[in-house]
Amino acid sequence: MGKYYVTTPIYYVNDEPHLGHIYTTIAADVLARNKRLCGEDVFFLTGVDEHGQKVEQAAQARGIEPIELANQVVARYESLWPELSISNNDFIRTSSERHKKGVQAMWRRLENAGSIYKDFYEDWYCVPCESYWTETQLKDAECWDDKHCPDCKRAVEKIQEESYFFRLSAFQDLLAEHIKANPDFIMPASRRNEVLSFVEGGLRDLSVSRTTFSWGVPVPGDEKHVIYVWIDALTNYLSGLGFPDQELPEHWPADVHLIGKDILRFHAVYWPAMLMAANLPLPKRIYAHGWWTVEGEKMSKSKGNALRPADLLAEYDADVLRYFLLREVPFGHDGDFSFTALKQRYNSELANDVGNLLNRSLAMLNKYRDGVLGEMGEETESDRALIADVKAMQSEVAEALDRQAFHLAIERISVVVRHGNRYVEENAPWALAKQGDDARLNSVLYHLVETLRLVALQLLPFMPTKMQQMLSQIYNQEVATENFLYAEQGGWGLLKTGHQCAKPTPIFPRME
Ligand code: ME8
């Protein structure tokens, strides 16, 4: 059985979950569910990033301990993920003992490999971004005069302290070679080029410890130093699998780390260099998706326009949100979230196309045949074309998902749904019923139901609850779709003559 490991970033606990967090996690969930249906042994990890100065300061501002703040936000995520049908296998917290153990083991590996040394550090630091800037970088970005962060535009602080360093510079050539030799290592291609030119532009050694605050994992053997939060955070991808108790966990290397473009450098430069230094295999792919704006504006705390999942879920069905987020914008591109677009897509693609095909097909089957699939006549050209389209959909959706092209996968499924609706018009079951052409009528109804069943199986990773309902109508019983496998349920022609379907219950009523 193939193994598949997919991760999301671990989210900072100084902010409440918002649209961006659910986006990455939903995308990872769709991949995990798809691979489970393919029969793979899937591990899907998400979690939270609890350490660092930013979290320490956020807790101080509220007059509580960092761990209390973390617990509050963790509780939010833990209740949110089931509401969105997120099927993660584990939830990693960086404050957990298993994770700290992983980080310290990683540190020792880097140290034993000669990749860590002690020196003095003088630089500019952006607390909100947890990122360091050199004088030259600030000057290049025209941020030197009033000393602000080129990314978030907030003030940077000058830092001088004793610090451990990671020999990042030693991995410049190896990293550039790896990126060139593996075109799918960093996706999409535009991001890959961005990282490559950054690496080829020269890598500086990285300061990887702090003495100015204490909320983090101590450096083994030198406890006044706290391990830099990104070394800490990135190691979650291994500690979540049981490293270091398992030196090379069975699901490692990751098939794909899904991240937002904001944290690409950490994942595509620091993380692979750390793994090279620690002599561990590199992840197969890092996919950086784009950035959402909301009704044309950047989401921000100060504007108060961050979309909160709880508000969205009060108004919209979780599956509809899942579908919309992955359908609306090609993964990797920036996109805008608008309620008008959501309603339009819902009404045209889900209510009019999928919902209509389901309702009319099951309604006709019930009207003309009491819901029972009857003895078929000869296969026609129109039937063959529909079957061929369904089969092509199955392989093309799998290929699209292997490249994280969620919108293409959904578009390909929509092609079959529209084909199904055309097939109804072409074959006019109502006319066949009038003429008393029983065999042909049975054939047409059968092809429709079988198409719907296989469409629902392809949409199952995107809309697990809605598709479970759709399949339950087709199978005429509550089906346990979490145990479904494409190898068992995915073939054309598995419904037998005499099979009874339920009466249709609309699953996508029109939105006004
Ligand atoms: O960066 N559009 O955590 P974080 C799309 N703890 N995605 C968005 C988004 C937006 N407007 N805003 C946020 C961290 N995201 C670190 C990660 S990983 C070892 C450590 C998503 O809470 C996107 O996935 O700031 C982004 O990468 C992530 O939230 C950042 O979450």
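Guide: Let's start where strand β1 meets strand β12: the two run parallel and are joined by 2 bridges. Two strands count as paired here if DSSP finds at least two bridges between them. Helices (H or I, at least four residues) and strands (E, at least two) are DSSP runs, numbered from the N terminus. Keep in mind that this is a predicted model, in which local features need pLDDT of at least 70 and side-chain atom pairs count only at pLDDT 80 or more, while totals for chains, interfaces and linings use all residues. Residue numbers run from 1 along each chain as its sequence is written.

Back to the pairing: V6 sits opposite V256 in β12. A residue is buried with 20 or more other C-beta atoms within 10 Å of its own, exposed with 12 or fewer, and partly exposed in between, with C-beta atoms placed from the backbone. Strand β12 (residues 256-260) has 4 of its 5 residues buried, so it is largely enclosed by the rest of the structure.

As background, strands of a sheet pair through backbone hydrogen bonds, either parallel or antiparallel.

UniProt, in an unreviewed entry, puts a short sequence motif, the 'HIGH' region, at residues 11-21. UniProt positions follow the numbering used here, feature names are shortened, and annotations may be inferred rather than shown by experiment. In the model, the end C-alpha atoms of residues 11-21 lie 7 Å apart, and the span is 27% helix and 18% strand.

Further along comes an open sheet of 3 strands with mixed pairing, in the order β15-β14-β16. β15 (297-298) and β16 (335-337) stand at the edges with a single partner strand each, so one side of each has no neighbour in the sheet. Strand β14 (residues 292-294) runs parallel to β16, with 3 bridges between them, and W292 finds its bridge partner in G335.

β4 and β6 pair over 10 bridges in the antiparallel sense, and W124 stands opposite K158 in β6. I116 lies in β4 and is buried, with 21 other C-beta atoms within 10 Å. Leaving aside neighbours within four places in sequence, I116 is in contact with L110, E111, Y164, F165 and F166; contact means that the C-beta atoms, placed from the backbone, lie within 7 Å.

While you're at this sheet, look at the annotated cysteines. The unreviewed UniProt entry gives a "binding site" at C126, C129, C149 and C152. They span 27 residues in sequence, yet no two of their C-alpha atoms are more than 8.6 Å apart, so they gather at one spot. C129 sits in the loop between β4 (116-126) and β5 (131-133), and is partly exposed, with 17 other C-beta atoms within 10 Å. Not counting residues up to four places away in sequence, C129 touches C149, D151 and C152. C152 belongs to the loop between α5 (135-140) and β6 (157-166). It also counts as partly exposed, with 14 C-beta neighbours inside 10 Å. With neighbours within four places in sequence set aside, C152 contacts C126, P128 and C129.

Technical notes: Two residues are in contact if their C-beta atoms, placed from the backbone, lie within 7 Å.
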